[in-house]
Amino acid sequence: MSELNLILIGPPGAGKGTQADRLRDDFRLPFISTGEMLRANVKDGTELGLQAKRHMDSGGLVPDELIVAMVADRLHQGDAQDGFILDGFPRTTGQADALARQLRDQGRRITAALLIDVPDAEVVRRISGRRVCVKAGHNYHVDFDPPKTEGICDQDGSRLIQRDDDRPDVVQNRLDTYHAKTAPLIDYYDEQGLLRRIDGTRSPAEVHDHIRAVIATLRLEDDV
Ligand code: ADP
Ligand code: ADP
């Protein structure tokens, strides 16, 4: 069976991380989140983290050259050779071109770009209630997906906090950045026949079922 090289696209708070967690278990693919990688760099105080933090805190994007180099390194690692799920990358057409070039050099290509589509008002509702665990970044929502014990991660028992960039004054900037810089990728992948649209307003379980059905179809198409 050929490899699955998947991209998740969608506005901040669309449910990409929530779905990636489920897909990782289903398909045993490495899940690569540039947001998580950047937050780890900020936490560790690396040079990249220091450079990235001010862009992240304002709701803007970290410059392409920094991100492209970080992802290129990650995709060269052994576990990404048989497929991957990318969450939060590419976020600009420049990043998408760089990714296509890198994969082409390795004789590989993107299998599909899954768009998790959610309107802005719902994004704001989701982000304002999002809580993440300090240990591994597991996602919860105070109303839509609460933990069993308030403030504590079900999966690893660590504390739940609100991300700095989930505060209301930054959220609108992130949405503006999404519409200006990332939404053009929808047409970009559609023109290449790679885009698959998922209605992200449904429950996490329904979104998950839809994505799995899309992936099953992709595999069938690929095997023919
Ligand atoms: P979200 O949960 O909103 O989708 P992420 O966790 O993916 O957010 O990203 C958090 C922040 O990290 C972004 O607002 C941006 O500043 C930075 N970032 C993440 N991925 C990229 C990328 N591919 N290009 C530029 N900046 C990025
Ligand atoms: P992203 O990775 O796209 O930024 P997340 O997966 O972190 O998004 O989801 C954002 C917030 O919305 C989280 O608090 C999550 O629990 C919640 N959420 C995710 N999917 C759904 C859904 N289908 N319906 C309602 N809430 C959701």
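Reply: In this predicted model, the second largest pocket is lined by Thr18, Asp21, Arg22, Asp25, His138, Asn139, Tyr140, Asp145, Pro146, Asp154 and Gln155. The volume of this pocket is about 200 Å³. Two elements, α1 and β6, each give two or more residues to the lining. Of these, α1 supplies the largest share, with four residues. Sorted by class, the lining comprises five charged, four polar and two nonpolar residues.

The shell around ligand 2 has 18 residues, of which Gly17, Thr18, Arg130, Tyr140 and Arg202 come nearest. Thr18 and Tyr140 also belong to the lining of the second largest pocket. An oxygen atom of ligand 2 lies 2.6 Å from a backbone N or O atom of tyrosine 140, and an oxygen atom of the ligand lies 3.0 Å from a backbone N or O atom of glycine 15. A polar backbone atom of proline 204 is found 3.3 Å from a nitrogen atom of ligand 2. On its own, ligand 2 exposes 570 Å², and the protein buries 93% of that area. The elements giving two or more residues to this shell are α1, which spans residues 16-27, and β6, which spans 139-141. The class composition of the shell is seven polar, six nonpolar and five charged residues.

Ligand 1 can be described in the same terms. Around ligand 1 there are 19 residues, and those that come nearest are Thr34, Gly60, Gly88, Gln95 and Arg174. The side chain of threonine 34 places an N or O atom 2.8 Å from a nitrogen atom of ligand 1. The side chain of lysine 16 has an N or O atom 3.1 Å from an oxygen atom of the ligand. A backbone contact is present as well: a polar backbone atom of valine 62 is 3.1 Å from a nitrogen atom of ligand 1. Taken alone, ligand 1 exposes 550 Å², of which the protein buries 96%. Helix α2, covering residues 34-44, contributes the largest share of the shell, four residues. By class, this shell holds seven nonpolar, seven charged and five polar residues.

Helix α7 runs over residues 168-182 and includes threonine 177. Threonine 177 counts as buried because its relative accessible area, 14%, is under the 20% limit. The side chain of threonine 177 reaches the backbone oxygen of asparagine 173 at 2.8 Å. Valine 170 also has its place in helix α7. With a relative accessibility of 8%, valine 170 is therefore buried. Between the C-alpha atoms of valine 170 and methionine 56 the separation is 9.3 Å, although these residues are 114 residues apart along the chain.

To return to the part requested, the lining of the second largest pocket draws its largest share from α1, and both α1 and β6 also give two or more residues to the shell around ligand 2.

Technical notes: Residues numbered from 1 in each chain as written. Chains lettered and ligands numbered in written order. Predicted model: local features only at pLDDT ≥ 70, side-chain atom pairs only at ≥ 80, totals over all residues. Heavy atoms only, no water. Near = heavy atom within 4 Å. Polar contact = N/O pair within 3.5 Å; in protein donor to acceptor, adjacent residues only side chain to side chain. Areas by Shrake-Rupley, 256 points an atom, 1.4 Å probe, with all protein chains shown as cover. Nonpolar A, V, L, I, M, F, W, Y, C, P; charged D, E, K, R; others polar. 1 Å grid on protein atoms, 1.4 Å probe; cavity = no way out; pocket = protein on both sides within 12 Å on 5 of 7 lines; lining within 4 Å. Points joined across faces, edges and corners; volume = space filled by probe spheres on them. Buried < 20%, exposed > 50% of the residue type's maximum accessible area, 1.4 Å probe, protein only.
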